[in-house]
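Open the model in your viewer and keep the selection panel at hand. The stops below go from ring pairs to a chain interface.

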Amino acid sequence: MKKGFVSNMERCIGCNACVIACKQYHGLEPEMKRRKVREMDENIVGQPVRAYLSASCQHCDEPACMKACPTGAYSKREDGVVLHNAEVCIGCRMCQWACPYEAPTFNPVTKKMDKCDFCRERIDAGEQPFCVAGCPMEALEMVDMDEINESDYVSEVKGFVDPSITGANLRVKLPAAVRQVRR
Amino acid sequence: MKKEHEITRRTFLKGSAAAGLLAGIGGATLSDFSKATARAEGETQEFFNACPRNCYDTCSIITTVQDGVIKHVRGNPNSTYTNGRLCVKGYNYPRRVYSPDRIKYPMRQSAKGSGQWEQITWDEAFTIIAEKILEIKNKYGNTLPICLNKYSGNFNVLTYGIEGMMSSIGHTTRCQGTPCWPAGIDSQNFDMGAILNADPESMLKSKMIIVWGANPAWCSVHSMHIIQKAKENGAKVVFIDPIMTASASKADQFIEIKSSTDGALALGMCRYILDHKLQDDAWMEENSIGHEEFVDYVKKNITVEWASEKTGVPVQVIENLAYEYATMEPASIWIGYGMQRHTNGGANVRCIDALAALCGNVGKMGAGANYAQLDSWLFNYAAMTGNGANTDNVEADRNININNFGADLLSLTDPPVEMLWVACRNPMGQDPETGVVRKAYESCDLVVTVDQFFNESCNMSDIVLPCCTIFETWGLHASYWHYWYHGNQPAIAQMYESKTDVEIAMGLSEKLNSLQAGSCTYPTDRTMEEWCAMEMTDGAKELFGFKDWKEIFEKGTAKVTGYEAAWSDGQFRTPSGKYEFYSEQAAAMGNHLLPVYREADETKTDEYNVRLITPHWKYGLHSQFQNLDWMQDIHNEPFVEIHPQMAKDRGIEDGDAVRVENEIGYLVVKAKLTQNVPRDEAVIYEAWYKDNPFNVNYVVKAIPADMGVFATGQPGVSFHDSFVSIKKA
Amino acid sequence: MMLLQKYYQGYLCKYADLQWDRLIEALGKEDTDGFTTLAKGYEALAHTSPRNRREMMYEFNRLFVGPDAPKAPPYEACYRNPERTLMQEETLAVRAFYRKAGLEIKNINTQPDDFIAFELEFLLGMLEDGSGEKKAYAEEFLREHLLVWTFDHVREIRDNTKQPVILSMATILQGISEALKEGLA
């Protein structure tokens, strides 16, 4: 069992509902986003479309945050979820520097870092993470990386960080090509 | 000198003459406090609310409240349309309720636009307003000099209490019509007798879906989900639009069409269908009148080549599309409101309706020419009660065109407008030709605006009154697209001194009657719960199987059934009872009898030759939501989308400041280069940004659309027919 | 302190000239105990003209009330959290403190608990009580809440207005805050 996210760009419309749903559920502070939606290159599938990628923490196999943290504030659960311990955190921001996906963000009120924890209380209770449950397009999925059919997805997306750097547990379905008739 | 560690010994804290004076003002110390009540820590409650915005999706919401404070919101899974999920705007609701920017108290401005505001009590506000109303009544013998400008900022059925309040005073001037969708409403009224779309959830059964001039990804995300699922189940999804929108990016096929030529495409398809005998003669024979005349018109006047030339769509594509539409059954068409915001918008909708009828695609499950519906609005409109007119010396309300509000108001002289009441609207922000609207505001002695957040309309008002959010009151809600009917209960206490529109109406009525008995007939003694209880019709209760209206709060929502395939009973609501290709009602309104192609009016000039399209924005609903802190965090800057070719021709690079101008005004905005807009058109999304004077309406003209008068009393607005020049600033 | 509480509740906005005169006279007799900022504040207030005092309400509303977004919203949450949204953790922490002392604001949830007038009133109530327990609450409240943000609030007021009465009151708030802070040390 290794938890990961699937971000289905075929369904994703870049609305940021996932970002805000997460923020309000977790009561996040300003400028803190556990999840970010990126506008991707419009030629990503050949002809121009509007394409977006939603990604949070990738709960990597080899978390860069864990390596960079001087106080041991990061840990990785058996099921793969990478957790941040605010009590031990000193807010030095080394993890923010180290993470290639911009996952840890700085909480300006507590002066500590913050990161997606896969909605651990929800998933431990058998529920979906709030972003997954809240996306109106059902474009996000929580998956078991050991069980998915890798050929259904890609892990590398043009314009997004190379996932092999840290063994990111994010799989993406690229947008489908659109047959276009342009003037 | 060492200071004592005893702060209580500071003499300035008590026993002084000043303290004595001050103690006499307001209450004694701790009079604002009471004993703490026993409360279980961390106990949460859940309530049902409904999003009352003007939106196809009108979501049912579950609100989690802890210790009287909203913690978060989520979609209600009991509605299969809301599907347990909200949109990016909906998830921002807690920020809206608790924003420090919220209007909290009634306030009066020393002069419009001065920025000098005085806090007044509700009693003072009601007194000022009531005295003005009575002054007008006594001077003119009627209240026509009072004008109401109200629309759809809040669609809780109880907001019709605003109209009720006006009717209870006497006859007044009303902004009639609607900016959104009237041309298409007329068309569908001519063709079918009413707007009546098939339940959007039925699109799951469609084999082909054509979305024509709509952008559901941004404006009706739950329908976008349905369309996406239909596509994944094998339906062919086609988007027809001048812009490659976020929605069109999900299509099987995107067809870029020249703006305003949609009717030509539909007619071209009809020609192909007729040539290849793919039409449904049996259906037309049974269910329509005028099909022979229509077929004759098409055969004599329309060719696919002609359609191709008009629309910019290649012949082959038109032919394929026509073939597929006529043969893939069932095939559904979604006619968007954006598409009919042209001077020929109504005519274009008639042509698309005709295409559907030609193929017998009206009344079948998974088919239809779907636009909107109001059948699910099963309300008594009890809040809209009002009959104060018996003391009047005129016969009826006076109507002006909501879409030409500024100019129309200024033109009234007999009698002139002296008082303006604005609610559920932001005319200074949203109306075309802002300068004229401003003059209209300035011409009124007393402008009263009811709102939640300060905007340009508030700035031009004399009195601003704070209204509640939907979380602070009762309500019943329907959508003009899906068929779910929602209940809304108070999740939290009314904040500051905010009131609901009905409470404002009751307070004003009480004040008016205290000054002059019988001057207002609006009831003054009901609670909001009692008002709400009066709204659910018996028909609704029967349909839902309720004995009491409150049963709606078991699930928060209930489905209005029977519309899975609209018009399946063939009972069209036209004079003939049939689908009318040939519509005398249309002709009576000055339109062609048949759904013919009507060229859009020429509004382009040599100098201003770039069409400006101003569609809805994804992070806001008109001037709502974009101003909230978390929304600003995602995106906080207006921009103009232009094609790289257009940019190159003008020496504009991505991010440059661009001047967008025409006869009525100009804007300076940042350029965003994208291949997802037409080469010859520019796109600016209409939105209002906090602390930013940006307003796309500085360059949008109030050009009337061809239809709208029949069903709504006034023509629509051709928002997308304004032309501008685009230059590097 | 009561002066500030009544001021923030808006009572001085519609004060008549004569009422102002009496108040200023009474304040002139206050012993400011060597606290120069406070004394400066009273002095500045005494030097404001009747016209300044009459027009004060416009600036008061622009800074503290509305209807436009207030420039210096007088709520603790607005100074402890850059997003400034009310009724979140910061406001609720103040609510919890009141509860600890056995109190809560009336009509709870209709107004933010951390409105400065409520905080000042609470503090006054604790101090006026005289008991050791209440005094301890007062001191803790000053340390954990009121004094954490009043200086920033004063700064924001100074950045956003030149109105003499408002500025005088800001100086008075600063003076009181300084005095209380020293008293705690």
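This is a predicted model: local features need pLDDT of at least 70, side-chain atom pairs count only at pLDDT 80 or more; totals for chains, interfaces and linings use all residues.

Residues are numbered from 1 along each chain as its sequence is written, chains are lettered from A in the order in which they are written, and side-chain values use heavy atoms, without hydrogens and water.

**Ring pairs in chain B**

Over all chains there are 64 aromatic pairs. Rings of Phe, Tyr and Trp (its six-membered ring) pair if their centres lie within 6.5 Å; planes under 30 degrees apart are stacked, over 60 edge-to-face, the rest tilted.

Select W334(B) and W481(B). The two are stacked, 4.3 Å centre to centre, with 25 degrees between the planes. W334(B) lies in strand β13 and W481(B) in the loop between β19 and β20, so the pair ties together parts that are 147 residues apart in sequence. Helices (H or I, at least four residues) and strands (E, at least two) are DSSP runs, numbered from the N terminus.

Buried means under 20% relative accessible area, exposed over 50%, partly exposed in between (1.4 Å probe, protein chains only).

Next, select Y337(B) and Y480(B). This pair is tilted: 6.2 Å between centres, 45 degrees between planes. Y337(B) sits in the loop between β13 and α13, Y480(B) in the loop between β19 and β20, 143 residues apart. Both residues are buried.

**Charges over rings**

Go to Y25(A). R122(A) lies over its face, 5.1 Å from the ring centre. Then show Y160(B), where the charged end of K150(B) is 4.1 Å from the ring centre. The test: NZ of Lys or CZ of Arg within 6 Å of the centre and within 35 degrees of the ring normal.

**Where chain C meets chain B**

Select the contact (heavy atoms within 4.5 Å). Chain C gives 66 residues and chain B 60. Which element supplies the largest share of the side of chain C? α7(C) does, with seven residues.

Now pick D67(B) and R95(C). They form a salt bridge, with the closest N and O atoms 3.2 Å apart. The term means a side-chain nitrogen of Lys or Arg within 4 Å of a carboxyl oxygen of Asp or Glu. Between chain C and chain B there are four.

Last stop: one aromatic cluster, whose members include F33(B), Y75(C) and F97(C).
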